[in-house]
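Biologist: I've got this model open and I'd like to learn how to read it. Could you walk me through it?

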Amino acid sequence: MAKWTPQHEAPEPLEGPVVATITGGTILWFVLFLAQLPFYGWFDDHGHTWWVWTCLAGGGLGLIGIWYVRKRDAALKRAAAAAEKGALQE
C-alpha cells in the first residue's frame, strides 16, 4: 500500500472573526448550562447529568479559548504592523 501524498499545496487558512466566534460559542455553552440547571433532577433520574456538566466544561474551556484567540489576534496584528513598518523603511 503506497503512502498518499498530496499533488498540490494546501490553501492558506481562512481568517474570519475568530474572537467573536469563540465568544459566541462560549456564551452558548453557558446558556445551555443555565437552561439545564432547573431540570437537574430529571437528568439525575435518567442518568444524564453528564449533559449538564458537559455544558459547564464547554463554557470553561471556551473561556480559555477566548483568552487564547485574543492573544493570537493581537500577535497577528503586531506582526502585520511590524512587517508594514519594515516595508516602509526600505
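This is a predicted model: local features need pLDDT of at least 70, side-chain atom pairs count only at pLDDT 80 or more; totals for chains, interfaces and linings use all residues.

Biologist: What does leucine 56 count as at 31% relative accessibility?

Modeller: The scale goes like this: buried is under 20% relative accessible area, exposed is over 50%, and partly exposed is in between (1.4 Å probe, protein chains only). Leucine 56, at 31%, therefore counts as partly exposed. Leucine 56 and tryptophan 29 are 27 residues apart in sequence, with 6.8 Å from C-alpha to C-alpha.

Biologist: And how do I describe two helices that pack?

Modeller: Two packed helices are described by the angle between their axes and the distance between the axes. Axes are lines fitted to C-alpha atoms, for helices over the stretch in contact, and angles run from 0 to 180 degrees between N-to-C directions. Here the axes of H1 (residues 18–36) and H3 come within 8 Å and cross at roughly 160 degrees. That makes H1 roughly antiparallel to H3, a label for angles over 145 degrees. The crossing of H1 past H3 is left-handed, meaning the near helix is turned anticlockwise from the far one by less than a right angle.

Biologist: How many salt bridges does the structure hold?

Modeller: The test is a side-chain nitrogen of Lys or Arg within 4 Å of a carboxyl oxygen of Asp or Glu. The structure holds two. One joins the side chains of arginine 72 and glutamate 15, at 3.0 Å from N to O. Arginine 72 lies in helix H3 and glutamate 15 in the segment before H1, so this pair ties together parts that are 57 residues apart in sequence. Lysine 77 and aspartate 73 also meet in a salt bridge, at 3.4 Å from N to O. Those two both lie in H3, four residues apart, or about one turn of the helix.

Biologist: Is lysine 77 buried or exposed?

Modeller: Exposed: lysine 77 has a relative accessible area of 56%.

Biologist: Which residues form a nonpolar patch on the surface?

Modeller: Patches take residues with over 30% relative accessible area and no salt bridge; like charges are joined within 9 Å, and nonpolar side chains (Val, Leu, Ile, Met, Phe, Trp, Tyr) within 5 Å. Here Phe39, Trp42, Trp50 and Trp51 form one, with about 490 Å² of accessible area together. That area comes from the Shrake-Rupley method with a 1.4 Å probe, and for residues only the protein chains shown count as cover. Tryptophan 50 is in helix H3 (residues 49–89) and is exposed, at 52%.

Methods: Residues are numbered from 1 along each chain as its sequence is written. Side-chain values use heavy atoms; hydrogens and water are left out. Angles under 35 degrees count as roughly parallel, over 145 as roughly antiparallel, 65 to 115 as roughly perpendicular and the rest as oblique.
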